[in-house]
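Please read the points below alongside the model. They are arranged by feature, and the cut-offs are given where each term comes up.

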Amino acid sequence: MNTVWLALPLPQILRDVLAQRSGRIGMAIVCLHLAVALAAPVITPQDSAYQDASAMLQSPSFSHWFGTDRLGRDVFSRTLLGGREAMLIATAATFIAMAWGSALGILVALIGGRTDAIVMRFIDAMMSIPWILLVMLFIAALGSSSAALVPVLGFSYGLSVVYLARAAALDFVARDFVLAAQARGHSRWSIAATELFPNVRDSLAVQGAMQWSWILLAVSSLSFLGMGVAPPTPDWGQMIADARGIMQRAPWALISPMLALSSLVIGMNLAVDAWARVTGVERTRRVPGA
Amino acid sequence: MATVLLERIGLALITMIIIVVVVFFALELMPGDACSVNLGRGASDSMLAACQKRLGLDQPAVWRFAAWAGDFLTGDLGISMQRDRPIAEVVGWRLRNTLILAGLTAAIGIPLALGLGVLAGLNPDGPLDMTISGIAIFAMTVPEFISGTLMILLFSVILGWAAGVVTIGYKAPALDLLKASVLPAATLIFILAAHILRMVRASVIEVMQSDFVQMARLKGVPHRRIILHHVLPNALLPAISIIGLTMAWLLGGVVIVESVFNFPGLGRLAVDAVADQDLPLVQAIALLFGFIYVLTNLGADLLALTLNPRLRTRRK
């Protein structure tokens, strides 16, 4: 078996997304963020960890474009670097969530019957616990390192992927080509992988892109609460938590990470919406049903 | 009708049982237990053993599960590691505070969302809809801790209308808490209303294009009457189950918003419990949130069933 069926028609997708105005704006924002994140270690003007006691809470100037925070660190440098760790965690966690979520969802749709009912009841019950408490439950036991966040978020966000993959696969399980494969005596794994997966791949890819932005928000929220990216690694959520106490004296320390995070998520949403429109997929929201 | 009712209640019960199982065994699968997590790496073997004996962690898992679940049903939530007090006592007041905050949010947010959603849906793509929908999309996309911080920046720092951070204790009288809830509730309403109004808007647009509204219009029924008697009942009914589902977000959002505003509720307690590495307390709170979610959804389901006869027949 080759792996051609995994590959998405990327040039075609790019053309479709860029054909729409909102898609162009979204892609531009996302690409800018990616470029900054990749180049940040080279282009940051100052050491993000360097604490200058003589330059605390300075307003924006030529030497500190976005001012300094309460420890005299350069806010511009920290903002440039602040998305890297969260993006890395989100990317790894998205792969885990999509992998186990779609595998289980497609298999369960194919098997059906009692197995399907029992598995979905468990997924349902786990989704009844708000994601943040489910994640906190694991973090309390495992500690909050980036290495622990990846599997924990990958598991938690995979739950909704099971739903989506199952719903997408259910449209195909009764089709002739699946029945034919069953009649040929193919195993369930091979039917799921070669008959069902290629048909649900595009819609799952859109969901994956969306999940990425929700997981990114989750990482930032956890960092804000002090359970995500740990200092000294700069992170937007952590910077916002840090600058809250000084928002009257140094609003710049608060506003730059807020703008950075919000613009990335909004850009991602615009791009994915444009992509979802051309593929005819209904994208998921952060809140089920909404 | 009765079978459908019983089925919904039965499903909710099964879901709650599975939540209890999942919350217990999820931690069983992890390395370490409540004692080793709480005492940290520096703990000596004898300290660990004493702690494990005190909590009964030396018993087999299945036996402990039975005892834990049984205690939970009788209202005994166990002992908080850090605070060394019964969890029920630690949780009680804060649960009240969170319910005040969530209640205020729902009481203002839901009617507001329904109203705005209908306004936006009646004139889709008009200037009013563009404004409402634009703000709603912003509210849905930007994370809760940023909306909350922006609220503080705007209403507390710039306008000076309300205190930015709650300073009262968790045992404060309900009325004081209600006053302290203004900004946290405003943040939650901002986001909750956005989610609900988008659904209502879509629902109104769909009903406006339906055959029976077209028919009523052709019969010459006055516009007002069409809206009030044909469109609204049909558009708002589906909103009930959506409101139930958005509770999942509300409960999760509460954790973050309470932390932003230092509000003495269950959500902030959960965050503190994680920082204190107090596993039994985190478990109890996760369980409570899960139960509240299942029960609100059941309530929304039953309400939808009573109001909408079409849902009462069993569909396959």
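1. In the largest cavity, the largest share of the lining, 3 residues, comes from α10(A), and the elements that give two or more residues to that lining are α3 (75–81) and α10 (236–243) of chain A. The lining residues are A:D69, A:R73, A:V75, A:R78, A:M239, A:D242, A:A243 and A:A253, which by class comprise 4 nonpolar, no polar and 4 charged residues. The volume of the largest cavity is about 60 Å³, and a search of the whole structure finds 2 cavities of 30 Å³ or more. On a 1 Å grid over the protein atoms alone, a cavity is a set of points where a 1.4 Å probe fits but cannot get out, a pocket is an open set with protein on both sides within 12 Å along at least five of seven lines, and lining residues have an atom within 4 Å of a point. Grid points are joined across faces, edges and corners, and a volume is the space filled by probe spheres set on the points. For the classes, Ala, Val, Leu, Ile, Met, Phe, Trp, Tyr, Cys and Pro count as nonpolar, Asp, Glu, Lys and Arg as charged, and the others, Gly among them, as polar.

2. On provenance, this is a predicted model, in which local features need pLDDT of at least 70 and side-chain atom pairs count only at pLDDT 80 or more, whereas totals for chains, interfaces and linings use all residues. Residues are numbered from 1 along each chain as its sequence is written, chains are lettered from A and ligands numbered from 1 in the order in which they are written, and side-chain values use heavy atoms, with hydrogens and water left out.

3. Chain A has 11 helices and 0 strands, where helices (H or I, at least four residues) and strands (E, at least two) are DSSP runs, numbered from the N terminus. Of the 290 residues in chain A, 53% are buried; buried means under 20% relative accessible area, exposed over 50%, and partly exposed in between, with a 1.4 Å probe and protein chains only. Helix α10 of chain A also holds A:W236, which is buried at a relative accessible area of 4%. The C-alpha atoms of A:W236 and A:R84 are separated by 9.5 Å, although the two residues are 152 apart along the chain.

4. The second largest pocket has a volume of about 1400 Å³ and is lined by 39 residues, of which A:L8, A:F95, A:A205, A:G208 and A:A209 lie nearest its centre. Its lining divides into 33 nonpolar, 4 polar and 2 charged residues, and α4(A) gives the most, with 12 residues. Among the chain A helices that each supply at least two lining residues are α4 (84–111) and α9 (188–224).

5. Over all chains, 7 salt bridges are found, a salt bridge being a side-chain nitrogen of Lys or Arg within 4 Å of a carboxyl oxygen of Asp or Glu. One of them joins the side chains of B:D129 and B:R201 (2.8 Å, N to O). Because B:D129 lies in helix α6 of chain B and B:R201 in helix α9 (residues 182–208) of chain B, that pair ties together parts that are 72 residues apart in sequence; both B:D129 and B:R201 are buried. Another joins B:D301 and B:R8 (3.3 Å, N to O), linking helix α13 (residues 279–307) with helix α1 (residues 2–28) of chain B across 293 residues. B:D301 is partly exposed at 26% relative accessibility, and B:R8 is partly exposed at 25%.

6. In chain B, 7 of the 10 residues of helix α12 (residues 266–275) are buried, so this helix is largely enclosed by the rest of the structure. Just after α12(B), B:Q277 takes a positive phi of about 55°. B:N262, which is not a glycine, has a positive phi of about 60° and lies in the loop between α11 (223–261) and α12 of chain B, where B:N262 counts as partly exposed at 33% relative accessibility.
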